[in-house]
Amino acid sequence: MITVRVQWPEIKKDTVRFFWHTNKTVPLFRKNNFYFKYEGLNIEKMPIEVYWNAFLALMIPVFNICKEDVLFIFPHSIPSFMAETWINFHSASNITISPLSDKSSIELSTNHDNSTNVNSKVGVLFGGGKDSSCTFSILSEVHGIENILLISYVFGYDKYATNKIDKRRENMILNPLKKDLNVKIQKIVSDFQSTLKDQSAFYSPHTALFTGTVLPVIIKYNISLLTHSNEFVNYSTGIYNSNITRFNFRLSRPEYDNYLSARINSFFKTDVSIKNISYSLSDLASFKILAQRYPHILKHIMMCETIENPNIKWCKNCFKCAKYVFYSLYTGHEQHDIDIDYFFSKSSYIKDVLESTKNLQPTENGNYPFHPSIGYFETFYHMMASINPEDVKKRTSQKGYRNFMILKNRYGNKKFPVYDSFIEPAFKKLSLPFSKEIRKIITTHCPEIEKLPEYFLLEGIKVTIDYNLNCHVPKIFNVNHEKKLPR
Ligand SMILES: [Zn+2]
């Protein structure tokens with residue numbers, strides 16, 4: 001058994017630092033501490049449970065990776081309600097928490113002292129890409145931009161990378177947005193990523209990286225709606241041609257978002273709903289809404305993450321830059337960031353894809369099979385089949401056009417209209433506030449899908465999506481806890 005002795009966190013102005021010791025070396029870690037800095041927010045007077053909540057949200061899934069039983073010993077009793085929330089949320093049957101108390105909520109008055117806003121705000125977890133930019137745009141139109149708070153997390157492998165990422169995001173997107181639209185932004189910087197040796201451990205909390213640690217911001221700004229943005233196809237529910245039910249992206253499904261919202265509200269007396277607006281859209285559909293309705297926001301998006309230079313936005317050679325070129329051609333977005341002729345005739349992306357797919361054979365739908373060099377899936381086929389070659393021809397040299405046509409012949413033989421559509425059954429599952437208004441905006445640009453395809457390609461695997469299936473948060477806390485009460 002691994003014993004984790006948690007120390008009292010150090011809270012100073014806008015930063016909280018966590019520390020712990022283990023009874024033996026756990027190979028997951030590079031160090032036994034991490035911090036979260038809520039830039040400019042004084043968080044000193046928050047109830048301590050706000051921090052234990054963040055610690056549990058992150059450390060339970062990380063320690064859950066170990067195949068051993070893990071006992072957390074805290075310096076102060078943890079409300080069993082909170083322990084139950086995160087153990088169930090992360091299906092962490094190997095975790096035991098001690099000591100526990102039966103505290104079931106915090107005092108309202110404590111909460112009030114911390115709130116700086118009377119009017120509630122909408123918090124958009126904002127990475128600067130097409131999905132969260134689309135969410136931001138739609139919600140600004142519905143709620144008014146003065147009621148929006150963009151929440152920007154900065155993580156990095158080390159201090160150097162964190163500073164670079166931070167600076168690049170400030171320069172390229174946050175400052176221009178602030179200047180252009182006067183939108184309010186809250187930055188949260190953390191070294192949690194550099195605490196861990198491997199990336200799978202870093203991503204193990206999934207969206208709880210944000211939803212589990214954002215509570216000081218929810219309380220300070222009185223956030224009533226908190227959104228993350230993940231496109232629909234991530235939420236497959238099964239494997240095609242099998243009876244296997246498998247909920248992909250389980251931890252950010254609407255059932256889990258609802259569960260977490262209810263648990264947070266019950267304990268912290270908040271009134272927040274966590275929702276994923278992109279649940280009913282593909283990222284191509286989000287891009288299309290931006291291009292057609294919100295070009296003043298689309299011009300700021302930052303998709304490419306391969307470079308560190310805080311003054312360069314596009315590397316012009318990675319699959320995200322490629323997506324930007326294709327999506328712009330598909331939607332008619334006039335971009336001046338990546339030269340189309342350079343992209344099609346000289347970029348390493350095009351060279352790689354042409355070379356690595358040249359010996360493949362067409363599949364049953366006429367397209368060549370997926371190859372990892374492409375970087376993404378059916379939206380690529382759909383765009384290749386939809387982009388008008390004349391639009392490319394007039395902007396490229398002969399070589400660039402020839403390369404485009406080779407790609408089009410290999411991958412542009414079947415359209416997949418679902419990626420350009422509004423997926424009604426998904427939207428219904430969200431039960432969004434202002435759903436009528438949001439629905440109207442989306443359907444102005446994306447037609448409602450009538451019938452879902454038999455299967456989707458997700459990471460090369462044929463998967464299915466069934467919106468009648470419900471994914472339950474397991475109730476494992478009680479059973480587990482009785483079994484493993486510390487001696
Ligand atoms: Zn790039």
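Modeller: At the boundary between domain 1 and domain 2, 32 residues of domain 1 are in contact with 31 residues of domain 2. Contact here requires C-beta atoms, placed from the backbone, within 7 Å of each other. On the domain 1 side, three elements each supply at least two residues: β4 (33–38), α1 (48–64) and α2 (80–89). The most comes from α1, with seven residues. By class, the domain 1 side holds 23 nonpolar residues, four polar and five charged. Nonpolar covers Ala, Val, Leu, Ile, Met, Phe, Trp, Tyr, Cys and Pro; charged covers Asp, Glu, Lys and Arg; polar is the rest, with Gly among them.

The model is predicted, so local features need pLDDT of at least 70 and side-chain atom pairs count only at pLDDT 80 or more, while totals for chains, interfaces and linings use all residues. Residue numbers start from 1 along each chain as its sequence is written.

Now the domains themselves. Domain 1 takes in 2–110 + 474–483, domain 2 covers 114–299, and domain 3 covers 319–417. These bounds come from an automatic or database domain assignment. Between the C-alpha centres of domain 1 and domain 2 the distance is 22 Å.

Look at α1 next. Of its 17 residues, 15 are buried, so the helix is largely enclosed by the rest of the structure. Buried means 20 or more other C-beta atoms within 10 Å of the residue's own; exposed means 12 or fewer; partly exposed lies in between; the C-beta atoms are placed from the backbone. The end C-alpha atoms of α1 are 24 Å apart, which agrees with the 24 Å that its 17 residues should span at 1.5 Å a residue. The expected span is 1.5 Å times one less than the number of residues.

Strands count as paired when DSSP finds at least two bridges between them. β1 (residues 2–6) runs parallel to β5 (residues 70–79), joined by four bridges. In this pair, Arg5 faces Ile73 of β5. β5 is also parallel to β6 (residues 95–101), here through six bridges. Leu71 has Thr96 in β6 as its bridge partner. β6 also contains Pro99. The peptide bond between Ser98 and Pro99 is cis, with omega about -10°.

A kink of about 50° is centred on Glu170. The bend is the angle between axes fitted to the seven residues ending at a residue and the seven starting there. Arg168, Arg169, Met172, Ile173, Leu174 and Leu177 are the buried residues of α5. Their cover includes β8 (148–154) and β9 (184–190). After α5 comes Asn182, with a positive phi near 60°.

Lys275 sits in β12 (residues 273–276). Lys275 counts as buried because it has 24 C-beta neighbours inside 10 Å. Beyond four places in sequence, Lys275 is in contact with Leu225, Thr227, Asp257, Leu430 and Leu432. Its C-alpha lies 8.4 Å from that of Ser229, 46 residues away along the chain.

An open sheet of three strands comes next. Its order is β11-β14-β13, paired antiparallel. The edges are β11 (238–239) and β13 (456–458), each pairing on one side only. Two bridges hold β11 to β14 (residues 461–464). Ile239 is placed opposite Val463 in β14.

Two loop residues complete the tour. Lys316, in the loop between α12 (295–298) and α13 (319–331), has a positive phi near 70°. Lys316 counts as buried, with 22 C-beta neighbours inside 10 Å. Ser431, in the loop between α19 (424–430) and α20 (435–445), has a positive phi of about 40°. Ser431 is exposed, with 11 other C-beta atoms within 10 Å.

Technical notes:
Contact = placed C-beta atoms within 7 Å.
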